[in-house]
Amino acid sequence: MTRQREAGRRAPLNRERVLSAAVALADDGGIESLSMRRLAQELGVVPMALYKHVANKEQLLDGMVDAVVAEIDPPGDGADWKDVVRRRVLSARRVLLRHRWASQVIESRTGPTPAVLAYLDSMIGTFRDGGFSVDLTHHVMHALGSRLLGFSQELFDDSGSAGPADAAAIAAMAGRYPRIAELASAAAHDGESVVGRSCDDQFEFEFALDLLLDGLERLHRQGWTSAGSPRVGG
């Protein structure tokens, strides 16, 4: 392993190598642990050498997002739009689970990076080639949102709660919030999820994705348009 690392450090420095090392560091220690100085140390170069390949930390993060998004499976041939979308979204989710810092960085970007734009363009193409109108496709992209990239924002982060304390907390809230307590008790699935130990996060993600895709399929068959739909506020 030491010889491999030393051999890697002697290899010519390029943008791909910089981004690969940055992704690996973030995977190991979280995005908070990543700095230009630490990245340079990992690559065996002085920090200034990095700036020939990434202008600053923000450009480094942009490149890392693109490197991660590039891991999402391409669309398959011969499948209908629903199968293609489902498979690619679940592929994106697998990628995000390998790089758990990535959703936070994606959300922090002020605009989509080139790889994200290419991915979204491809997904739009899947809907359009599947017969969706431009109008419906526009609303589809809003409805799916970040789920297209394999993640969704939970109402609350319950990752800090686990074990006997959960039962005590549920019992304490039952008097004031009986419906929440009822739901919390019923949601005690086996196993540990991405957002905590109280829910099977993968199941919940696929459940919501399938609800959305089934609903979109129904609207598509009905020839739905936003022009003919009632809107809140007139």
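Guide: Two residues are in contact when heavy atoms lie within 4.5 Å. Keep that in mind. The model is predicted.

Visitor: What share of the contacts with a separation of 6 or more comes from residues 24 or more positions apart?

Guide: Such pairs account for 69% of those contacts in the protein.

Visitor: How many helices and how many strands does the protein have?

Guide: Count the elements, then read their order. There are 12 helices and 0 strands. From the N terminus, the order is α-α-α-α-α-α-α-α-α-α-α-α.

Visitor: What percentage of the residues counts as buried?

Guide: Burial is judged by a cut-off: under 20% relative accessible area is buried. By that rule, 33% of the 234 residues are buried.

Visitor: Now a helix pair. At roughly what angle do the axes of α2 and α5 cross?

Guide: Look at distance and angle together. Helix α2 covers residues 15-29, and helix α5 covers residues 57-69. Their axes come within 9 Å and cross at roughly 85°. Angles of 65 to 115 degrees count as roughly perpendicular. Therefore α2 and α5 are roughly perpendicular to each other.

Visitor: Which residues meet there, α2 against α5?

Guide: List each side in turn. Helix α2 brings R15, V18, L19, A22, V23 and A26. Helix α5 brings Q59, L60, G63, M64 and A67. By class, this contact has 8 nonpolar, 2 polar and 1 charged residues.

Visitor: Stay with α5. Is D66 buried or exposed?

Guide: Locate the residue, then check its area. D66 sits in helix α5. Its relative accessible area is 17%, so D66 is buried.

Visitor: What does D66 touch, not counting residues up to four places away in sequence?

Guide: Skipping such neighbours brings out contacts from elsewhere in the chain. D66 touches T113, P114, A115 and V116. D66 and P112 are 46 residues apart in sequence, yet their C-alpha atoms are 9.6 Å apart.

Visitor: Where is T113 found?

Guide: T113 lies in the loop between α7 (102-108) and α8 (114-129). T113 has a relative accessible area of 5%, so this loop residue is buried.

Visitor: With which side chain does the side chain of T113 make a polar contact?

Guide: For a polar contact, look for a pair of N or O atoms within 3.5 Å. Here the T113 side chain makes one with the side chain of D66, at 2.4 Å. Leaving aside neighbours within four places, T113 is in contact with D62, V65 and D66.

Definitions and conventions. Residues are numbered from 1 along each chain as its sequence is written. This is a predicted model: local features need pLDDT of at least 70, side-chain atom pairs count only at pLDDT 80 or more; totals for chains, interfaces and linings use all residues. Side-chain values use heavy atoms; hydrogens and water are left out. Axes are lines fitted to C-alpha atoms, for helices over the stretch in contact, and angles run from 0 to 180 degrees between N-to-C directions. Helices (H or I, at least four residues) and strands (E, at least two) are DSSP runs, numbered from the N terminus. Angles under 35 degrees count as roughly parallel, over 145 as roughly antiparallel, 65 to 115 as roughly perpendicular and the rest as oblique. Ala, Val, Leu, Ile, Met, Phe, Trp, Tyr, Cys and Pro count as nonpolar, Asp, Glu, Lys and Arg as charged, and the others, Gly among them, as polar. Buried means under 20% relative accessible area, exposed over 50%, partly exposed in between (1.4 Å probe, protein chains only). A polar contact is a pair of N or O atoms within 3.5 Å; within protein, one must be able to donate a hydrogen and the other to accept it, and residues adjacent in sequence count only if both atoms are side-chain atoms.
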